[in-house]
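Please look through the sequence and the model shown here, and then follow the report below, which moves from single residues to the whole chain.

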Amino acid sequence: MGHRRSQAGKRREEVKPEVERSRGGLQLVIDLNADLGEGFGRSRLSEDANLLDLVSSANIACGFHAGDATTMRETVRAANERGVSIGAHPSYPDIPGFGRRELGLPVGEIRRHVEYQVQSLADVCAAEGARLTYVKPHGALYNRAVRDEKAADAIARAMLKVNPALSLLGLPSSEMSRAAERAGITFVNEAFVDRAYRRDGTLVPRSQPNAVIHDVESAVERAIALVRMHSLSAEDGTVVRIYPQSLCVHGDNPDSSAMLRSLRAKLQTAGAKIAPFAA
């Protein structure tokens, strides 16, 4: 633990995206992630296959909000075949609410539920000859860990129990990022292509109007500006500063394929390299 803490002290919560030297100057390296495996049986496998051709990282549901043994195995296999980085997407135990209801669970239960889900997906990866590289909490658990120090610490402790080398993907300057630093876990900043932001850098709740962005052109243009300028406009017009290492499009957004296809094309035209943050 001491070594991990010493390494954590060298990091900062706001990490600028990696750049590489190229003949044309600087080339940005950015990751594209999506929430996948959020079905049962074969209910979403065909849609997920299309998204896996467009992303570099896949947040795979671990059974507590969606996903079963077949879905996890098939999604891991499809991601591994494409060289897509695999992440666990643990949730509150809330299949009826798709993990988007705040259950207010005690932190001890959060730690046990997250550990169980992450270990389950790690076991699936091992069976498929793949490797689990990171964790991204889902839905209400994600939102709670953004603001709740103890919940964020519970997630970090669960990750340490399964594999201390796992990275944590989440909202910058949040309790999640601070919990990762305390635990010596690598934290990766993400920004959302298809979600509206508040002025404090948190997401507009899905219960509010216009929280989810469906217009492909405006979402992609905002994402490109975010990558170039490290800023976006909140719902009230306030400028929010973010240094994203990964951009997320939700897999259950009906416009996700069109957004990712357009975003990939425009990023590559701008000279960006699309690659997973955890290989």
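A residue is called buried if its relative accessible area is under 20%, exposed if over 50%, and partly exposed in between, with a 1.4 Å probe and protein chains only. The structure is a predicted model, in which local features need pLDDT of at least 70 and side-chain atom pairs count only at pLDDT 80 or more, while totals for chains, interfaces and linings use all residues. Residues are numbered from 1 along each chain as its sequence is written, and side-chain values use heavy atoms, with hydrogens and water left out.

Thr 133 lies in strand S5, and Thr 133 counts as buried because its relative accessibility is 6%. Helices (H or I, at least four residues) and strands (E, at least two) are DSSP runs, numbered from the N terminus. Contact means heavy atoms within 4.5 Å, and, not counting residues up to four places away in sequence, Thr 133 touches Ser 85, Ile 86, Ala 165, Leu 166, Ser 167, Ala 278 and Ala 279.

Tyr 134 also has its place in strand S5, and Tyr 134 is buried, with a relative accessible area of 0%. Among the residues that Tyr 134 touches, leaving out those up to four places away in sequence, are Ser 57, Asn 59, Gly 87, Leu 169 and Phe 277.

| Residues | Apart along the chain | C-alpha separation |
|---|---|---|
| Thr 133 and Ala 278 | 145 residues | 6.1 Å |
| Tyr 134 and Phe 187 | 53 residues | 9.4 Å |

**An aromatic pair**

Rings of Phe, Tyr and Trp (its six-membered ring) pair if their centres lie within 6.5 Å, and planes under 30 degrees apart count as stacked, over 60 as edge-to-face and the rest as tilted. By this rule there are 3 aromatic pairs. One of them joins Tyr 134 and Phe 277 edge-to-face, at 4.9 Å centre to centre and with 65 degrees between the planes. This pair links distant parts of the chain, since Tyr 134 is in strand S5 (residues 132–135) and Phe 277 is in the segment after strand S11 (273–274), 143 residues apart. Phe 277 is partly exposed, with a relative accessible area of 22%.

**The chain and its core**

The protein chain has 9 helices and 11 strands, and buried residues make up 54% of its 279 residues. Of the contacts with a separation of 6 or more, 71% are between residues 24 or more positions apart.

A nonpolar core is a set of buried Ala, Val, Leu, Ile, Met, Phe, Trp, Tyr and Cys residues joined through side-chain atoms within 4.5 Å. The largest such core has 78 residues, and those with the most contacts inside it include Ile 86, Ile 110 and Leu 168. Helix H6 (residues 149–162) supplies the largest share of this core, 9 residues. If neighbours within four places in sequence are left aside, the contacts of Leu 168 include Val 135, Ile 155, Met 159 and Phe 187.

**A residue with positive phi**

Most residues other than glycine have a negative phi. Asn 210, however, has a phi near 65 degrees, a positive value in a residue other than glycine. Asn 210 is found in the loop between strand S7 (187–192) and helix H8 (216–229), and Asn 210 is exposed, with a relative accessible area of 66%.
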